[in-house]
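Subject: The structure we talked about

Hi there,

Here is the structure I promised to send over. Have a look at it first, and then read on for what I found.

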Amino acid sequence: MGHGHGHSHSAAAGHAGGRYRWRLAVTFAMVATFLVVELVVGLWSHSLALISDAGHMTADVVALGAALVATRIATRKDTSGRRTYGSYRAEVFASGLTVLIMLGVAVYVVVEAVGRIGAEPEVQTGAMLVVGAIGLAVNIASMLLLREGSTESLNVKGAYFEVVADAVGSVGVILAGLLVATTGQTWWDTGVAVAIGLFVAVRAIVLGRQVLAVLGQHVPDGMQVDQVVADLEALPGIEDVHDLHVWTLTSGMNVATAHLVVAPDADPQRVLTDAQALLSSSHRIEHATLQTETAPTRQCHEVTW
């Protein structure tokens, strides 16, 4: 709970990630079970495509586990009195961990592929096709479970990206099995493995940029600060807006602070209520800390950040 204020930051009512925890749990169980199958078959069949996809699945299991823990931490009530915004950003840190794991898997696949240059490993294509098909079914089921939550929570979005990448990886494994079986050229297995690794890297970079934007307290995606100021100044009783700051606490939770200079004959409480309603309805800012004043104070001029 914020100090000296009645608003609670510890309840889960507005937390998007917590609403999809059971879907994350089911996905985690399915992916973890399949990982064991894929890794064992990959080692037995000498398929780098299967092993690389199993490596990616390992990243998924770790990332999904971190996402589950993060949603639990994020909705936990703070009893220390020191986390005034609660622990909602735990899920952002979990997404950051997912990015690092995905990049690590991509590097491993490329290094392993380089090590196979000039070699002719014997690959069991039948096993690749069967395991690839099972993996594709598991990943499609996971995608359907997480798709809705991915539009509301950065944490769930990270998990969704993982299973989408896995689905592409499963298609790659099936494709590699078919190519090796029909041409007899085992380098197709290595080539598809590298393609899977590069795809994983690109997805990691996209997610990483979003994580850094939240941690860097950038203006929420799609929001125009100038428009927010213009809309506030258009409200009756507001003469000027300054020191406006807008950022994202975690997925779906935008926060703002601002100073509102009110007209001498305006009702400050009415101005405050109207401004809060505007920010919530027009700009997706449900928690705004607004200071009303009849003129900028000395501190307004002295503090430049």
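Let me start with one histidine. H259 touches D240, V241, H242, D243, Q291, E293 and C300, leaving out residues up to four places away in sequence; contact here means heavy atoms within 4.5 Å. H259 sits in strand β2, and it counts as buried because its relative accessible area is 13%. (Buried means under 20% relative accessible area, exposed over 50%, and partly exposed in between, using a 1.4 Å probe and protein chains only.)

A word on where this comes from: it is a predicted model, in which local features need pLDDT of at least 70 and side-chain atom pairs count only at pLDDT 80 or more, while totals for chains, interfaces and linings use all residues. Residues are numbered from 1 along each chain as its sequence is written, and side-chain values use heavy atoms, with hydrogens and water left out.

The sheet

Strand β2 belongs to an open sheet of three strands in the order β1-β2-β3, with mixed pairing. The edge strands are β1 and β3 (285-293), each of which pairs on one side only. On average, neighbouring strands are turned by 15° against each other, direction ignored. Helices and strands are DSSP runs numbered from the N terminus (helices are H or I with at least four residues, strands are E with at least two), and two strands pair if DSSP finds at least two bridges between them.

Strands β1 (residues 238-250) and β2 (residues 253-262) run antiparallel and are joined by nine bridges. They form a hairpin with two residues between them, and G252 in that turn has a positive phi of about 75°. Along this pairing, V241 has L260 as its bridge partner, and H245 stands opposite T257.

Helix α8 (residues 225-233) touches β1 and β2, and its direction makes about 135° with that of β1. Helix α9 (residues 268-283) touches β1, β2 and β3, and its direction makes about 150° with that of β3. For these angles, axes are lines fitted to C-alpha atoms, for helices over the stretch in contact, and the values run from 0 to 180 degrees between N-to-C directions.

How covered is β2? Nine of its ten residues are buried. One to click on is L260, which lies in β2 and counts as buried because its relative accessibility is 0%. Leaving aside neighbours within four places in sequence, L260 is in contact with residues including L232, V241, V271, A275 and L290. The C-alpha atoms of L260 and E148 are separated by 38 Å, and these two residues are 112 apart along the chain.

The side chains of T248 and N254 are joined by a polar contact of 3.0 Å. (That is a pair of N or O atoms within 3.5 Å; within protein, one must be able to donate a hydrogen and the other to accept it, and residues adjacent in sequence count only if both atoms are side-chain atoms.) N254 in turn stands opposite I285 in β3.

The largest nonpolar core has 38 residues, and L24, L50, M128, L146 and Y160 touch the most other members. At least two residues of this core come from each of α2 (21-45), α3 (48-74), α4 (90-115), α5 (125-150), α6 (154-183) and α7. Apart from it lies another core of 22 residues, among them L235, I238, A275 and I285. Such a core is a set of buried Ala, Val, Leu, Ile, Met, Phe, Trp, Tyr and Cys residues joined through side-chain atoms within 4.5 Å.

Just after α7, Q217 takes a positive phi of about 55°.

Happy browsing!
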